[in-house]
Amino acid sequence: DNQIRFVKSALWYHGYGRPELYRLPSDGSAGSRELLLAFSWLLHRLGLLEQLLARNRVKTGDETSVCTCEDGLPNSQKGPTELAPEYGLEDRVDVRYLQWLNGRLRFQWRGLHAQHQEQCKLLHKIHLFTSGSHMDQILGHFSVTETDLIRQPENYKQLLQLMESETMQLEAFLEWKQLEPVYWQWMETVLDNMAEEGNICESQDAHVEKSGLPKATSCCPWADSLTGQIDRLSRDLMTLRDQLHELITHRKAAWCEKVKIREEELQKEGFSATARKIQESVELKLLDLTYLCAPKKNKMHGSCRLVFRSKHPASKTGFGRSVSKEPVSAVSAAEVIRELQMREASLERELKQLQEECRQRLDEIAEGLDGVICISP
């Protein structure tokens with residue numbers, strides 16, 4: 001039961017929007033074809049096999065993840081939430097519990113950051129002490145795995161088994177790529193069959209609804225009075241709707257007049273403040289425009305091997321993308337840090353602007369509350 005719930009929530013998080021999957025029973029008694037469709041969607045949308053190969057790859061070098069791309073919202077955050085599993089988002093959660101989870105997450109994040117800093121210090125020591133010992137002159141130093149093999153040579157058998165397993169996985173992946181068109185052709189037939197079954201079910205349901213309606217005049221002697229009551233209720237509802245529409249129009253006109261008066265007052269009182277906010281917004285847009293119009297660099301994303309470089313003019317600190325003896329494209333850590341700092345400054349400016357807009361909105365709401373005093377924190 002927990003596994004099925006986890007699968008549903010994970011698929012919803014990644015943006016899978018087929019409602020039939022979320023209506024499946026939690027005991028696993030049905031839904032094999034829906035799971036097949038969801039699995040095929042993951043293969044196509046997320047590159048599932050490629051991610052598994054990257055995760056199970058044997059890492060002989062010291063690597064780190066570098067990403068200079070701009071993050072975007074996942075598709076699941078932009079769509080409607082009515083497809084969420086019934087056990088998930090519809091439940092009411094206490095705000096204090098969310099605050100506790102946030103604090104716990106921040107605490108664990110700080111601990112992870114401290115551990116990462118300690119790992120970087122140890123890597124620096126290994127790279128510095130083994131500098132000049134590697135046969136590959138581009139690297140020049142040993143990695144943690146290579147250092148461990150030098151200290152404990154008997155561990156090479158385990159490393160060899162892992163590399164053989166990875167080779168088998170790569171061979172299986174190559175075989176899959178050759179047979180992949182056959183699989184997707186089969187999935188097209190599965191989708192066509194499900195579409196036909198859905199149309200047949202809809203037509204049967206419509207037929208049952210039409211044939212199941214009783215004839216009011218012949219079977220039900222009280223149908224005439226009931227029909228009259230329904231007609232009167234419909235007329236009353238129409239009248240009420242017209243009255244509500246007229247009331248809304250009147251209220252809207254009065255509100256627009258108040259807004260117009262308030263805008264005139266604001267123009268008289270806070271013209272300088274408004275102009276200053278507009279100027280700040282324009283400057284922010286110009287900075288973003290300058291950043292967007294700058295010459296595009298190759299955005300790095302993924303895992304890169306850490307390569308220690310001495311401070312000699314001939315070589316600079318950088319990340320190497322491969323371990324071949326040919327010259328490789330590298331990017332220095334200082335360059336990555338500088339670009340991330342620019343991104344951080346842009347996000348901070350955007351955050352301050354949003355906070356200011358929220359503060360103004362709260363002030364406007366507080367002004368409309370009678371008998372309430374709001375003190376800003």
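Guide: Let us begin with a term: a residue is called buried if its relative accessible area is under 20%, exposed if that area is over 50%, and partly exposed in between, computed with a 1.4 Å probe on protein chains only. A second convention concerns the elements, for helices (H or I, at least four residues) and strands (E, at least two) are DSSP runs, numbered from the N terminus. This is a predicted model, in which local features need pLDDT of at least 70 and side-chain atom pairs count only at pLDDT 80 or more, whereas totals for chains, interfaces and linings use all residues. Residues are numbered from 1 along each chain as its sequence is written, and side-chain values use heavy atoms, with hydrogens and water left out.

Visitor: How many helices and strands are there in the protein chain, and what share of its residues count as buried?

Guide: The protein chain has 12 helices and 4 strands, and 16% of its 377 residues count as buried.

Visitor: Which residues of H3 are buried?

Guide: In H3 the buried residues are Glu34, Leu37, Ala38, Ser40, Trp41, Leu42 and Leu43. The helix H3 has 15 residues and reaches 21 Å from its first C-alpha to its last. The expected span is 1.5 Å times one less than the number of residues, and for H3 the reach is close to the expected 21 Å. Just after H3, Gly47 takes a positive phi of about 60°.

Visitor: What makes a set of residues a nonpolar core?

Guide: A nonpolar core is a set of buried Ala, Val, Leu, Ile, Met, Phe, Trp, Tyr and Cys residues joined through side-chain atoms within 4.5 Å. The largest one here has 15 residues, of which Leu11, Tyr16, Leu21, Tyr22, Leu37 and Ala38 touch the most other members. Two or more residues each come from helix H1 (2–13), helix H2 (19–22), helix H3 (32–46) and helix H8 (156–212), and H3 gives the most, with 5 residues.

Visitor: Why does this core lie between domain 1 and domain 2?

Guide: Domain bounds come from an automatic or database domain assignment. Domain 1 (1–46) and domain 2 (61–68 + 96–200 + 301–307) both give residues to this core, so the core lies between them.

Visitor: How do you know whether Gly132 and Ser143 are buried or exposed?

Guide: Gly132 has a relative accessible area of 65%, so it is exposed, while Ser143 has 2%, so it is buried. Gly132 is found in the loop between H6 and H7, and Ser143 lies in the loop between H6 and H7 as well. Contact means heavy atoms within 4.5 Å, and, leaving aside neighbours within four places in sequence, Ser143 is in contact with Thr60, Gly61, Asp62, Ile126 and Arg305.

Visitor: What makes E1 and strand E2 a pair?

Guide: Two strands pair if DSSP finds at least two bridges between them. E1 and strand E2 (residues 301–307) have 5 bridges, in the antiparallel sense, and the bridge partner of Val66 in E2 is Gly302.
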